[in-house]
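Here are my notes for anyone opening this one for the first time. Have a look at the chain, then read the points in order.

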Amino acid sequence: MSYQLSKGELRERKISREEFKNIPRNDIYVVLDSLKCAHNIGTILRLADSLLVKKVYICGDTVHMPNRKIRSSSRGAEKWVPFEYRESSKEVVYELKKLGIEIVAVEVTDDSIDYRDFRPKGPVCLVLGREYDGVSQEVLNQADECIHLPLLGMVNSINVSAAASVALYDVYSKLEEMKRG
């Protein structure tokens, strides 16, 4: 029979802060393309911590650290997740692509595929844009693939941190399958 673990029991299972710094991170990168809402940025940093994402790039016309609202919604994850503010998401994507990292925009486009059909080939960078404008066209032009979450209702978008959660856990799962062979 299962039972919910208390916060104390969860803490007891954690490794030390020093040991944590030496854990290998997963081959997943995240580029945030001009997100406006500090809450979404903090939530995505928290997701990045949960999956040991290699690095988060906070780019463009956006709020960035130090920021009280990001820190509050990240619940301390900003201490553990490697992140960097960069002015140009286009430049970050270009640099990552040159390193052989597959660039995957999470965006509904005329040729995007259902996220469940995406099969990563190796290290992946998920690019997420703001809800109103989406991922910029200049970044979409560099993407190796565009994936979307099905939108079956009347609303044409989903909150970016909710989309990030689905996409990140899906990519993580598929990369783990690749490791197992």
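1. A quick definition to start: two residues are in contact when heavy atoms lie within 4.5 Å. On that basis, residues 24 or more positions apart account for 80% of the contacts in the protein chain with a separation of 6 or more.

2. Before going further, some ground rules. This is a predicted model, where local features need pLDDT of at least 70 and side-chain atom pairs count only at pLDDT 80 or more, while totals for chains, interfaces and linings use all residues. Residues are numbered from 1 along each chain as its sequence is written, and side-chain values use heavy atoms, with hydrogens and water left out.

3. Now the overall layout. The protein chain has seven helices and seven strands, taken as DSSP runs numbered from the N terminus (helices are H or I, at least four residues; strands are E, at least two). Reading from the N terminus, the order is α-α-β-α-β-α-β-α-β-β-β-α-β-α. The radius of gyration, taken over C-alpha atoms, is compared with a globule rule of 2.2 Å times the number of residues to the power 0.38. The protein chain comes out at 16 Å, close to the 16 Å that the rule gives for 181 residues, so it is as compact as a globular protein of that length.

4. How much is tucked away? Buried residues make up 47% of the 181 residues in the protein chain, where buried means under 20% relative accessible area, exposed over 50% and partly exposed in between (1.4 Å probe, protein chains only).

5. Helix α7 deserves a look. With 21 residues (160–180), α7 should span 30 Å at 1.5 Å a residue, and its end C-alpha atoms are 30 Å apart, which agrees; the expected span is 1.5 Å times one less than the number of residues. Its buried residues include V160, A164, L168 and V171. Among the elements covering the buried residues of α7 are β1 (26–33), α3 (38–50) and β6 (124–129). After the helix comes G181, with a positive phi near 90°.

6. Next, the nonpolar cores. A nonpolar core is a set of buried Ala, Val, Leu, Ile, Met, Phe, Trp, Tyr and Cys residues joined through side-chain atoms within 4.5 Å. The largest one has 30 residues, and L32, V56, L126 and L168 have the most contacts inside it. Helix α7 gives this core its largest share, seven residues. A second, separate core of 17 residues includes Y29, V93, C125 and L140.

7. Take L32 as a close-up. Not counting residues up to four places away in sequence, L32 touches I41, I44, V56, Y57, I58, C59 and L128.

8. Is N40 buried or exposed? N40 sits in helix α3 and counts as buried, because its relative accessibility is 5%. Its side chain makes a polar contact with the side chain of N159 at 3.3 Å. (A polar contact is a pair of N or O atoms within 3.5 Å; within protein, one must be able to donate a hydrogen and the other to accept it, and residues adjacent in sequence count only if both atoms are side-chain atoms.) Beyond its neighbours within four places in sequence, N40 is in contact with E131, N159, V160 and S161.

9. Finally, two backbone spots to check. Most residues other than glycine have a negative phi. S34, in the loop between β1 and α3, has a positive phi near 60° and is buried at 14%. L52, in the loop between α3 and β2, has a positive phi of about 50° and is buried at 18%.
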